[in-house]
Amino acid sequence: LDGGTMDRTCGSPHGGNIPRSIHMVYQMMFFIITPALISGAVAERIRFWPWTIFMLAWVTFVYCPLAHMVWAFDWFYTDPVSEAAGIGVSAVGLLGKMGALDFAGGTVVHISAGFAGLACALVLKKRTGYPEHAMHPNSMVLTLIGAGLLWFGWFGFNGGSALGSGDLGTTGFATTQAAAAAAGLSWMLGEWIFKGKPTALGLASGIVAGLVAVTPASGFVYPWGGACIGAIAGIVCYFAVQAKSLLGYDDSLDAFGVHGIGGFLGAVLTGVFCYAAVQGASQDGYIAHMRLPKNIEALKKEVPDLKKEIEAIEKTEPDLKKKMDDTAGAVEKGKTDKAKEELQKKADSAKSDYEAITKKVERRKARIDEIEKPKDPKVEDDKGGLIVQLEDKIEGYKKAEKGPMSQVIIQVKASVFSAVFAFVLSLALAFLVQVITLGNFRSSLADENEGLDYTEHGEVGFDFAGIDTMPLGKSSEPKTAKVPPAGKRFEVIVEGIENGGLIQAWSKLCQPGEGPVDPDFKAVYPYVTTVQGNRFRFRGGDPKALSASIQKLFQTKLGKPIKVRVEE
């Protein structure tokens, strides 16, 4: 069978809007990107080949079942679940049948990846040196470039999930844009309030958090709803990432704080901001449900105002009609061509004014009919006017026992189920891979210190020079701290030795050599920030202990007594 015949025979996704082959390839993007998100939680501590084993097992036992629960429709059924809707429209998965909404992967992709990342981080434990040593991005330039590429590519992720519908695609683009911008700003605002200044890393993190949170909602909410979701997600995910240090787990790239928490939050907020008016697959969420009676009241108030406008316009209608008739009749009385031309302009203007007010009246009468039109029992499927439709919708919700919180509760249940399902199975799979690989899922201390790019793939940094490998030398030289230690600043002044002799002695102490390092030097070195003349500037540490170590160190090195004093 050719592709078209197969699509017609077996049913095509989403009511036949797209070919099955396109749907398959598009879904493969979601399939492959989800385990990539998990790797962010355990970056810098895993071996490559055990990771491939985990990834294959994870997509088989976690992703595929969860994707079926949310996105499976009656594509392969001989008879559709709903005859009125047709093949490929009715959900048949566990969460889909429950009424859970996930437009582009909040539960399937982000909740599952975030909670799986947390599970892997717990099994593989922390990176060496975490959290004692700050671990910043290797390059803020690359971080921001990556955030920009994600922002652009996410339009295809969210807007593309409309699957061929131009209107929904446009809505998805606008909603995604609003959420990303709002989340970036709210994350930076959180940094500004609680840390004293916003950062570029915070902007990048906030943008991604907003994109994650709006993913399940992008085709079900208006752009203003997307902006609200993004603003909330930015600040919530900011605190979720900050809580990492309090809870003590090591999530290298904040996969849990951004994707797990952001996806969970976005899935729940979808139930708050979704509108059935955006697309038929959606339900009315909390805000839409609460506004139904207010919308009816607003429509009822609109009708008298429209009628008053009609009365006011109709009062001017006779005068404008008389003016139109008079100017039309005066054209023929013009004595010269120029006079006739001027009279014709006035006649055209009068006619235009008269036609404008008649169109105004027609538009207002049409609007009144749109609002107040009763159902015609003789016309099949006549829904009546807007008031009748809203009243019928409220009555339908009452019969179905659905209230403002109904969709929110469904979203909470689906999110909790997805989180627990992904976390428990991922925890078991990570532990199993660690066991069957004889503990090799987690890299060794030596390999981690040497660098996993080099030990796993033979790569070192950005190798643009054509050199296959970089020389690795061993040295006993102490390594300087990437970030100065926290603590108060003070100075230790050394007296009784010329400045040149002091600097020369200190320089020799800093050189690598054979044998053990002097314990006084090891005690002093981590806290030294600068040395100028006979002044040693420190940040952190105990001033009395460090001054005593400085005194003992130089007395031993120079073989003569010296004095030291502390200035704080």
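Mentor: Helices here are DSSP runs of H or I with at least four residues, numbered from the N terminus. Thr176 sits in one of them, H8, residues 166-195. Keep in mind that this is a predicted model.

Trainee: Why is Thr176 called buried?

Mentor: Buried means under 20% relative accessible area. Thr176 has 0% relative accessibility, so it counts as buried.

Trainee: What does Thr176 touch, leaving out residues up to four places away in sequence?

Mentor: Phe155, Asn158, Leu211, Val214 and Ser218. Contact means heavy atoms within 4.5 Å.

Trainee: And Val208, what makes that one buried?

Mentor: Its relative accessible area is 13%, and the cut-off is under 20%, so Val208 is buried. Val208 belongs to helix H9, residues 200-214. With residues up to four places away in sequence set aside, Val208 touches Leu150, Val258 and His259.

Trainee: How far apart are Val208 and Ala147, in sequence and in space?

Mentor: They are 61 residues apart in sequence, and 7.0 Å apart in space, C-alpha to C-alpha.

Trainee: Now Trp49 in helix H4. Why is Trp49 called partly exposed?

Mentor: Partly exposed covers what falls between buried, under 20%, and exposed, over 50%. Trp49 has 44% relative accessibility, so it counts as partly exposed.

Note on methods
Residues numbered from 1 in each chain as written. Predicted model: local features only at pLDDT ≥ 70, side-chain atom pairs only at ≥ 80, totals over all residues. Heavy atoms only, no water. Helix = DSSP H or I, 4+ residues; strand = E, 2+ residues; numbered from the N terminus. Buried < 20%, exposed > 50% of the residue type's maximum accessible area, 1.4 Å probe, protein only.
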